Amino acid sequence: MSKQYKGFSTRAIHVGQEPDAETGSVAAPIHPTSTYAQEEIGKNKGYEYARVSNPTRTRLETNLASLEGGSSAHVFASGMAAVTALCSFMKAGDHLICGSNVYGGVPRLFNQVMSNYGLEFTYVDTSEPRNVEKAIRKKTKYVWIETPTNPLMVLTDIAAVAKITHAAGAELVVDNTFMSPYFQQPIKMGADMVMHSTTKFLNGHSDGLGGVMIGTTKEHAEKFAFIQKAAGAIMSPFECWLVLRGVKTLAVRMEVHDRSGREVADFLNNHKKVKKVLYPGLKDHPQHALAKKQQTGFGSMITFDLGSQPNANKMLRKVRVCTLGESLGGVETLISHPATMTHAALGAAGRKAIGLTDGMVRISVGVEDVQDIIADLDQALAAV
Ligand SMILES: Cc1ncc(COP(=O)(O)O)c(C=O)c1O
């Protein structure tokens, strides 16, 4: 990596994004090949078969490792494929401590798939680091946290949990999807690995699916590369290219997401139909101080409570600028109902246990004109 590539945006635009050596093409070429011509037995240009490696993928992995401050990155077909890759480092009897309020697909994978192979999971509220300490076992290999959480916007003190995790000889993995590396750098705070659903802010345009695991040791790099080769759930060259293109504008998008996020949160917080707003940027958020300490922005994810599912539906039926749908992190404002969408798999009891109500609506504020987003929410809330 060139020494001139220091700042975040410079790295986002240039690391792994160097002009093509053969043609000078400024945009990275897409290599949609399954295999590579070899000169003789054992002599090739570093690429043999596309499941193992691909030049467009190498570019993206180099870029994302730089943005998160890790030593390696490996990309997968989805965020969940990246989590699956981590699980395949575990053996029967190994134990993972997971935050009790994370993206619903993660406990679904742990409880309904991985536990069938003898992997053991404990769920604790990681916003209180002592809960992690209490749950540590001899065989604890990983602690998995998401901060802020989806959709309750609860934070975990990354540095405090890293200390506890390391004292137990385990490793801390942080799902940094909500903040992106632009607003939060978990490795600098002691995390061993960082995961993203690249589907969200890294891609940023709601047009691709992917996941990444960023590691800090030689062992991480070797194991994730091996899993890519052995299990094969890799990101396609075209999807890699979409993320390479997306990250070039990550910093400018995140600045707008954050600015508009704060305005929308203020609007909702002052609206009489809204019972509660969960957004770490609000001064009355119980972890506002921690958000200011470990994040450099508050982002654009906001959850608010309308009191009941019928109320939420009345509003969601009326939105026109905001799009009702799953997912987040795109340039367009996406609005969803976690209880029936992202967190349906938790079941009513699981949702109740973490405080996720049927009246909650989650919004991922996009980069449209914020006045239009607010006007749309205002007219939709009138239906409640
Ligand atoms: C915070 C978080 N982590 C992980 C995932 C899973 O990623 P994917 O949908 O790319 O498999 C999601 C998806 O919504 C998410 O929001």
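Strands here are DSSP runs of E at least two residues long, helices are runs of H or I of at least four, and both are numbered from the N terminus; two strands pair if DSSP finds at least two bridges between them. What you're looking at is a predicted model, where local features need pLDDT of at least 70, side-chain atom pairs count only at pLDDT 80 or more, and totals for chains, interfaces and linings use all residues. Residue numbers start from 1 along each chain as its sequence is written.

**View 1. The β4–β5 pair, with α6 packed on the sheet.** Strands β4 (residues 140–146) and β5 (residues 171–175) run parallel, joined over five bridges. Isoleucine 145 sits opposite valine 174 of β5. Helix α6 (residues 158–167) touches both β4 and β5 (contact: C-beta atoms, placed from the backbone, within 7 Å). The direction of α6 makes about 150° with that of β5 (axes are lines fitted to C-alpha atoms, for helices over the stretch in contact; angles run from 0 to 180 degrees between N-to-C directions).

**View 2. The open sheet of seven strands.** Reading across, the order is β1-β7-β6-β5-β4-β2-β3, and the pairing is mixed. At the edges are β1 (72–76) and β3 (120–124), each pairing on one side only. From one strand to the next, the twist averages 20°.

**View 3. Helix α2 against helix α9.** The axes of α2 (residues 55–68) and α9 (residues 237–247) come within 9 Å, crossing at roughly 40°. Among the residues that meet are Leu60 and Leu67 from α2, and Trp241 and Leu244 from α9.

Conventions: Two residues are in contact if their C-beta atoms, placed from the backbone, lie within 7 Å.
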